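User: I am new to this structure and would like to learn how to read its strands and its aromatic rings. Can we go through them step by step?

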Amino acid sequence: MIPGRRELLQQAWVVDDLEAAARRFSATLGIGPFFTSDYRAGFFTDVEYRGRPGTLQMRTAISYAGAVQIELVQPTTTEPTCYRDSVPAGRDGFHHLCFWSHDLERDIADYVAHGCPIANRGRVRKGPGFAYLDATASLGCMIELLEYSPGLAALFDGWRDHCARWDGVELFVRR
């Protein structure tokens, strides 16, 4: 067992069509709105894929089901990434559980020692670090560790509060 308590932040799906997936999630789960973002080349720094230099480019839509953040990720690069390791292009599927990390390097080392290799890692430009650990052998999904940041936590808290008051009208909020 990996020591320490984990703070679950998010459940995430890789999707082929972000807007269509958000509409399905909203209609099925009654959640919304979705905060959408485009992450193009250069937004993430120090990106590695399976121990080599890599890239991450994607579109995301984030909403909340109560306290749990729901993230939809549409990869926008053909370069290898952890997203396509487990969800091939043309398919939608569950991808990862994301946990806050208060000591990213220690938490990464703990997961690696327990048989979960690093699939992707990097840093949000001028912000927190993150890593995707490949837990497909034990859990059937990836685990994302996101370095805790008070600013990012406050942003997410605001989104969660906005979702709790959602009137069901506007489904997408461009971030």
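User: Which residue in E6 is the bridge partner of Ala-61?

Analyst: This is a predicted model. In E6, Ala-61 has Leu-72 as its bridge partner. Strands E5 and E6 (residues 68-75) run antiparallel and are joined by 8 bridges. The hairpin they form has 2 residues between the strands, and Gly-66 takes a positive phi near 65 degrees there.

User: Which strand do 5 bridges join to E5?

Analyst: That is strand E2 (residues 34-39), which runs antiparallel to E5. Tyr-39 has Met-58 in E5 as its bridge partner.

User: Why is E5 described as largely enclosed?

Analyst: Strand E5 (residues 58-65) has 6 of its 8 residues buried, so the rest of the structure largely encloses it.

User: How is a pair of aromatic rings described?

Analyst: The description uses the distance of the centres and the angle of the planes. The count here comes to 12 aromatic pairs, with ring centres within 6.5 Å. One of them is Trp-13 with Phe-25, edge-to-face at 5.1 Å centre to centre with 70 degrees between the planes. Trp-13 lies in strand E1 (residues 7-14) and Phe-25 in helix H1 (residues 18-29), 12 residues apart. Phe-25 has a relative accessible area of 14%, under the 20% cut-off, so Phe-25 counts as buried.

User: How many residues apart are Phe-44 and Phe-130?

Analyst: They are 86 residues apart, with Phe-44 in strand E3 (residues 44-49) and Phe-130 in strand E9 (residues 129-135). Their rings are edge-to-face, 5.5 Å centre to centre and 75 degrees between the planes. Both Phe-44 and Phe-130 are buried. Ring pairs also link them into a cluster with Tyr-39, Phe-43, Tyr-83 and Tyr-132.

Terms used:
Residues are numbered from 1 along each chain as its sequence is written. This is a predicted model: local features need pLDDT of at least 70, side-chain atom pairs count only at pLDDT 80 or more; totals for chains, interfaces and linings use all residues. Side-chain values use heavy atoms; hydrogens and water are left out. Rings of Phe, Tyr and Trp (its six-membered ring) pair if their centres lie within 6.5 Å; planes under 30 degrees apart count as stacked, over 60 as edge-to-face and the rest as tilted. Helices (H or I, at least four residues) and strands (E, at least two) are DSSP runs, numbered from the N terminus. Buried means under 20% relative accessible area, exposed over 50%, partly exposed in between (1.4 Å probe, protein chains only). Two strands pair if DSSP finds at least two bridges between them.
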